[in-house]
Amino acid sequence: MTTHIIYRKAVESDRQEVYPLAKSLATSFEVNEADFFSVFKSVVEDQNVDMLVAEKDQQLIGYVFVLHHPAFYANGTISWVEELFVKEEYRGQSIGKHLMEEAEKESKSRGAKLIALATRRAEKFYKAIGYSESATYFKKNFE
């Protein structure tokens with residue numbers, strides 16, 4: 001029997017299952033449990049953030065974390081996809097696409113003018129779902 005995938009907003013009780021997903025996504029930083037739990041709590045409580053999860057058979061298999069904030073250049077709110085992750089064994093099944101569609105719906109409902117993100121490893125995926133390259137991303141780490 002094929003099971004349905006549920007897309008929903010994350011809740012505080014999801015943190016234990018999201019932690020290994022976030023840990024798998026990170027390549028530039030080591031995600032540690034104490035800091036993750038603190039950040040997760042603030043993310044699910046923040047009115048300017050959407051944390052959405054994909055759930056199959058009562059297990060989380062992916063998530064998208066989106067920030068919403070005003071920007072002068074856009075004449076209003078923009079949405080920024082901070083993180084998107086789908087477990088490897090579920091990739092290629094449109095789960096990431098559906099998570100992004102949910103993120104887009106949430107962004108539009110907030111009146112966002114655009115949704116944007118930075119990626120180093122998923123350019124083909126984002127182009128396939130209608131995103132176009134716009135800028136170069138720079139960062140400076142603080143130790």
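Select strand E1 (5–9) and strand E2 (residues 49–56): five bridges join them, and they run antiparallel. Strands here are DSSP runs labelled E of at least two residues, helices are runs labelled H or I of at least four, and both are numbered from the N terminus. Two strands count as paired if DSSP finds at least two bridges between them. This is a predicted model, in which local features need pLDDT of at least 70, side-chain atom pairs count only at pLDDT 80 or more, and totals for chains, interfaces and linings use all residues. Residues are numbered from 1 along each chain as its sequence is written, and side-chain values use heavy atoms, leaving out hydrogens and water.

Stay on this pair and pick Tyr 7, which stands opposite Ala 54 in E2.

Next, select helix H1 (residues 15–25). H1 packs on the sheet and touches E2, strand E3 (59–71) and strand E4 (76–86); contact means heavy atoms within 4.5 Å.

Now show E3 and E4. They run antiparallel, joined by 10 bridges, and Val 66 stands opposite Val 81 in E4. The two strands form a hairpin with four residues between them, and Asn 75 in the turn has a positive phi of about 55 degrees.

Move on to E4 and E5. Four bridges join these strands, which run parallel. Ile 78 stands opposite Leu 114 in E5.

Finally, display all five strands: they form an open sheet in the order E1-E2-E3-E4-E5, with mixed pairing. E1 and strand E5 (114–117) are the edge strands, each pairing on one side only.

How values were computed:
Axes are lines fitted to C-alpha atoms, for helices over the stretch in contact, and angles run from 0 to 180 degrees between N-to-C directions.
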